[in-house]
Amino acid sequence: MNTKDFVEKDYYKVLGVPKDATEAEIKKAYRKLARENHPDANKGDASAEARFKEISEANDVIGDPKKRKEYDDARALFGNGALFGQGGRAGGPGGGGSFNFDLGDLFGGAQGGAGGGGFGGGGGIGDVFGGLFNRGGGATRTQPRRGQDIESEVTLSFTEAIEGATVPLRMSSQQPCAACSGTGDKNGTPRVCPTCVGTGQVSRGGSGSFSLTDPCVDCKGRGLIAENPCEVCKGSGRAKSSRTMQVRIPAGVSDSQKIRLRGKGAPGERGGQNGDLYVVVHVDDHPVFGRKDDNLTVTVPVSFSEAALGGEIKVPTLGGPAVTLKLPAGTPNGRTMRARGKGAVRKDGTRGDLLVTVEVAVPKELDDKAREALETFREATASEDPRAELFQAAKGA
């Protein structure tokens, strides 16, 4: 998310909460909207998927107290007309000022200075303006650069997804070059860039007391130039590195769910924050159990006599002992019963239910005794026509 989006988007409106909403109210609104728009509940619905991403983005910002304060401060500064007028042009109070530079250029400078991290990746709105406006006439300091986000995938068994698992992940990312200790120079002695005087930024445009800054093109924002470029990183100070880390996948994850692990991505530069790790989870099918939201599903065969006369049946559970359910007399084929607390783990630690669907099993072969018993049953119920209501309804339609 760039800085311009951070300021222009109304995340309170996205979640449908007032600007003075409490953390609990924001959390409640997010959970409700996330459930309604989750991709698992809206298969193939691109608009629901886009809405889910928008809701998640809003919660990431105003659901985090620190980011929410930065967001509110930025919105108050840019949205009250004190600095910007209509159309994204600079102006005085009321939007009628005398400055003439494009809002997109302003935010472009902020994004470049912060390494694409927006307000959340640097030191807040004060740091952003410290990099944008050269108010003291001197050189601005080099901004911290947030590390890259990394995305990886993992495949879990059905049971691991329900119960949670710790899995090894091998990841590749840009790290400080080991050959030159991140200096970019094979001798470890880079020189200060003469263009930006070590700040990593150069001023451009502007008028009066304003001066906009961009990353220095000569040192690519590093503030240093390697006289003898490292052969491994070619003078960049960064090199591709692979590492294996143990990642805990929480219980109850669903297929195609993306998990965000803060600070587990690539390391930042110059004291910047680490990036995040995004893990896309794939879940294998189970030969017996299925899943519907927080509930597990299972189909259990019963005999005709059990369905007709009723009784007790044993039902398997995932990773636990079987449970006994009471089958009412006259249970029809396809009826679903519920074993509470035997489903998937929810975020609050509670469990969903096991939904048990009855399937009346018809025997493929009968011995003489069983056949005789069924013939007797057929004769005893010959006066009952199970299709009478069907034909009556067809005539009345």
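This is a dialogue on reading features in a predicted model.

Colleague: What does the secondary structure of the chain come to, and what share of the residues is buried?

Modeller: The chain is a predicted model, and its secondary structure comes to 12 helices and 15 strands. Buried residues make up 37% of the 397 residues. The accessible surface is about 22800 Å², and 50% of that belongs to carbon and sulfur atoms.

Colleague: Among contacts between residues at least 6 apart in sequence, how many join residues at least 24 apart?

Modeller: The share is 62%.

Colleague: Which residues of α4 are buried?

Modeller: The buried residues in α4 are Ala48, Phe52, Ile55, Ser56, Ala58, Asn59, Val61 and Ile62.

Colleague: Is Ile55 buried or exposed, and why?

Modeller: Buried means under 20% relative accessible area. Ile55 has 0% relative accessibility, so Ile55 counts as buried. Leaving aside neighbours within four places in sequence, Ile55 is in contact with Val14, Leu15, Tyr30, Leu33, Ala34 and Asn37. A C-alpha separation can be read as well: Ile55 and Tyr11 are 44 residues apart along the chain, and their C-alpha atoms are separated by 8.1 Å.

Colleague: Which salt bridge has its side chains from Arg51 and Glu54, and where do these residues lie?

Modeller: A salt bridge is called when a side-chain nitrogen of Lys or Arg is within 4 Å of a carboxyl oxygen of Asp or Glu. The side chains of Arg51 and Glu54 meet at 3.6 Å, N to O. Both residues are in helix α4 (residues 46-62); because they are three residues apart, about one helical turn separates them. Arg51 is partly exposed, at 27% relative accessibility, and Glu54 is partly exposed too, at 36%.

Colleague: How many salt bridges does the structure hold?

Modeller: The structure holds 15. One of them joins Glu151 to Lys258, with the closest N and O atoms 3.2 Å apart. This pair links distant parts of the chain, 107 residues apart: Glu151 is in strand β1 (residues 150-156) and Lys258 in strand β8 (residues 258-261). Glu151 counts as exposed, at 54% relative accessibility, whereas Lys258 counts as partly exposed, at 47%.

Colleague: Where do Asp294 and Arg346 lie, and what does their pair tie together?

Modeller: The side chains of Asp294 and Arg346 meet in a salt bridge at 3.5 Å, N to O. Asp294 lies in the loop between β10 (290-292) and β11 (295-303), and Arg346 in the loop between β14 (336-339) and β15 (354-361), so the pair ties together parts 52 residues apart in sequence. Asp294 is partly exposed, with a relative accessible area of 29%, and Arg346 counts as partly exposed at 31%.

Colleague: With which residues is Asp294 in contact, leaving aside neighbours within four places in sequence?

Modeller: Asp294 is in contact with Gly343, Ala344, Arg346, Gly352 and Asp353. The C-alpha atoms of Asp294 and Lys347 are separated by 9.8 Å, the residues being 53 apart along the chain.

Colleague: Which residues are linked in a network of salt bridges?

Modeller: The network links Asp60, Arg146, Asp149, Arg260 and Asp276.

Colleague: Now the nonpolar cores. Which residues of the largest core touch the most other members?

Modeller: A nonpolar core is a set of buried nonpolar residues joined through side-chain atoms within 4.5 Å. In the largest one, of 38 residues, Ile249 and Val315 touch the most other members. Another core lies apart from it and has 17 residues, including Tyr12, Ile26, Leu33 and Ile62.

Colleague: Which contacts does Val315 have beyond four places in sequence?

Modeller: Val315 is in contact with Val298, Val300, Ala322, Val323, Leu325, Leu354 and Val356.

Colleague: Last, the surface. Which residues make the nonpolar patch of about 340 Å²?

Modeller: Patch members need over 30% relative accessible area and no salt bridge. Here Phe304, Leu366, Leu374 and Phe377 make the patch. Phe304 lies in helix α10 (residues 304-309), and is partly exposed, with a relative accessible area of 43%.

Technical notes: Residues numbered from 1 in each chain as written. Predicted model: local features only at pLDDT ≥ 70, side-chain atom pairs only at ≥ 80, totals over all residues. Heavy atoms only, no water. Patch = residues over 30% accessible without salt bridge, like charges linked within 9 Å, V, L, I, M, F, W, Y side chains within 5 Å. Areas by Shrake-Rupley, 256 points an atom, 1.4 Å probe, with all protein chains shown as cover. Helix = DSSP H or I, 4+ residues; strand = E, 2+ residues; numbered from the N terminus. Buried < 20%, exposed > 50% of the residue type's maximum accessible area, 1.4 Å probe, protein only. Contact = heavy atoms within 4.5 Å.
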